[in-house]
Amino acid sequence: MTVAAHEVAESFGEFVARSATAGRLVVQPRMGFGDPADMRAGLRAVRQADVCAAGTITLDSFTRVGDHASVRAAMAAGDDLNGYPIVDHPPEVTRNVLTGLHDESFPVQVRHGSAQPQDIIAAIGACGLHATEGGPLSYCLPYSRVPVAEAVRSWRESCRMLSALQESGPRPHLESFGGCMMGQLCPPSLLVAISVLEGMFFRRHGLESVSLSYAQQTHPEQDAEAMGALRLLAAELLPDVDWHVVLYTYMGVFPRTPGGATELLAEAARLAVRSGAERLIVKTVAEAHRIPTVEENVTALRVASAAAAAADERPAARPVPPGSGVLDEARALIDGVLNLHDDLDVALVRAVERGCLDVPYCLHPDNAGRTRARVDAGGRLRWSRTGSLPLGGLVDADGQDETDPRQLLRSLSYVERTFDDAALERAVRADAPTLG
């Protein structure tokens with residue numbers, strides 16, 4: 001039965017849990033359109049894709065930074081926006097976008113990128129939605145110049161606003177974007193640590209349903225190890241929270257060939273199944289060239305769903321090997337932050353100030369900028385400089401000159417080259433004449 005948006009009884013987290021119990025990976029696009037009719041058409045296409053999917057409303061870049069005057073000017077002029085301006089559309093407009101689509105079989109999440117999202121959270125609640133994403137570090141350091149201390153205060157208030165929505169509807173859900181810092185060249189242990197710390201921050205401020213993210217990196221076994229570490233640490237540190245893991249298809253420089261892009265997406269789906277992730281954010285064959293169409297997003301959902309269905313049966317709980325490098329590093333980073341202050345809000349601010357959390361290549365003014373990473377000859381992402389990170393004795397940073405532009409470009413393009421070269425080789429073999 002289809003119900004109005006404000007009457008949805010099952011939470012986003014419960015939908016994902018129910019799907020996982022049934023052995024189905026939830027696949028999800030990242031799409032947003034400024035025009036309500038286009039946004040509704042995109043959601044309808046995802047719902048009708050005949051896969052286990054969640055819908056997405058991605059907001060525009062003006063709304064992300066609170067520039068509502070520019071949103072209104074663009075809307076008045078009929079200019080296209082690069083996402084949905086949820087704050088500046090009246091709540092009844094967004095409810096009409098959702099009516100007949102958003103229900104227990106098709107939850108919808110709002111994705112935005114704001115370091116100070118209070119107005120966005122208010123708009124989410126006003127239109128009957130309950131799921132979004134972000135975090136005080138993950139939506140601050142890569143995307144803004146807002147001081148981390150201000151972002152922490154804004155996200156504390158936003159968490160409490162979101163938590164209050166359960167008084168009139170399903171249990172709200174918040175996803176940490178911490179596993180996607182900078183898209184690429186951020187070593188797995190730091191992604192795991194930030195995602196878990198943000199999950200703890202959410203819980204501290206009233207959220208009982210969260211998801212922890214991790215973005216596919218450069219080496220499938222290293223990624224599987226990282227996701228095992230993420231699950232183990234979440235079980236330890238979020239024991240009273242409904243949580244699941246969401247994997248992002250590679251967030252860096254994407255393959256340019258259709259074959260390479262499709263195989264990278266399929267590899268992400270197989271990684272999700274193998275590592276026990278419950279949800280996958282897809283990317284399309286158009287990622288390296290332009291904003292994808294609705295049809296390309298739907299195709300990506302179907303490719304990922306098919307690859308997941310064809311993968312080996314999901315493991316019950318893949319253990320992390322004792323002495324796992326990623327697990328040990330992530331635990332040391334988390335402990336290093338928690339030891340800075342009993343109040344996690346204060347600890348997060350101090351961690352950035354002191355370089356205990358330091359994101360490679362991040363230009364935010366508060367980020368220490370003393371760490372670097374690179375892709376080694378075997379394809380693993382490793383630290384080359386650790387700055388003030390509390391990783392003494394755990395990391396053999398080789399000090400290789402990661403400022404060499406050729407080395408940096410090789411690392412940035414590693415995944416693109418690997419998957420495009422393999423796709424071209426497959427094409428050549430397919431066209432080769434049969435001998436004999």
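A charge is taken to sit over a ring if NZ of Lys or CZ of Arg is within 6 Å of the ring centre and within 35 degrees of the ring normal. In this predicted model, Arg-64 and Tyr-143 meet that description: the charged end of Arg-64 sits over the ring of Tyr-143, 4.7 Å from the ring centre.

The structure has six aromatic pairs. One of them, Tyr-139 with Phe-177, is tilted, with 5.4 Å from centre to centre and 55° between the planes. Tyr-139 is in the loop between β4 (131–134) and α7 (148–164), and Phe-177 is in the loop between β5 (173–176) and α8 (188–204), so this pair ties together parts 38 residues apart in sequence. Tyr-139 and Phe-177 are both buried.

Helix α4 spans residues 68–77, and its buried residues include His-68, Val-71 and Ala-74. These three cover an arc of only 120° around the axis, which puts them on the same side of α4. Cover for the buried residues of α4 comes from elements including α3 (61–64) and α6 (118–126). Just after the helix, Gly-78 adopts a positive phi of about 75°.

The cysteines were examined next. Zero disulfides are found in a search of the whole structure. Cys-186 is in no disulfide, and its nearest cysteine sulfur, that of Cys-362, is 9.1 Å away. Cys-186 counts as buried because its relative accessibility is 1%, where the limit for burial is under 20%. For Cys-362, the closest cysteine sulfur is in Cys-140, at 8.4 Å. That is too far for a bond, since a disulfide needs the two sulfur atoms within 2.5 Å. Cys-362 is likewise buried, with a relative accessible area of 7%.

The average pLDDT is 92, and 93% of the residues score at least 70. Over residues 1–6, pLDDT stays under 50. For this stretch the model has 13 contacts beyond four places in sequence.

Terms used:
Residues are numbered from 1 along each chain as its sequence is written. This is a predicted model: local features need pLDDT of at least 70, side-chain atom pairs count only at pLDDT 80 or more; totals for chains, interfaces and linings use all residues. Side-chain values use heavy atoms; hydrogens and water are left out. Rings of Phe, Tyr and Trp (its six-membered ring) pair if their centres lie within 6.5 Å; planes under 30 degrees apart count as stacked, over 60 as edge-to-face and the rest as tilted. Helices (H or I, at least four residues) and strands (E, at least two) are DSSP runs, numbered from the N terminus. Buried means under 20% relative accessible area, exposed over 50%, partly exposed in between (1.4 Å probe, protein chains only). pLDDT is the predictor's confidence in each residue, from 0 to 100. Contact means heavy atoms within 4.5 Å. The arc is that of the directions from the helix axis to the C-beta atoms.
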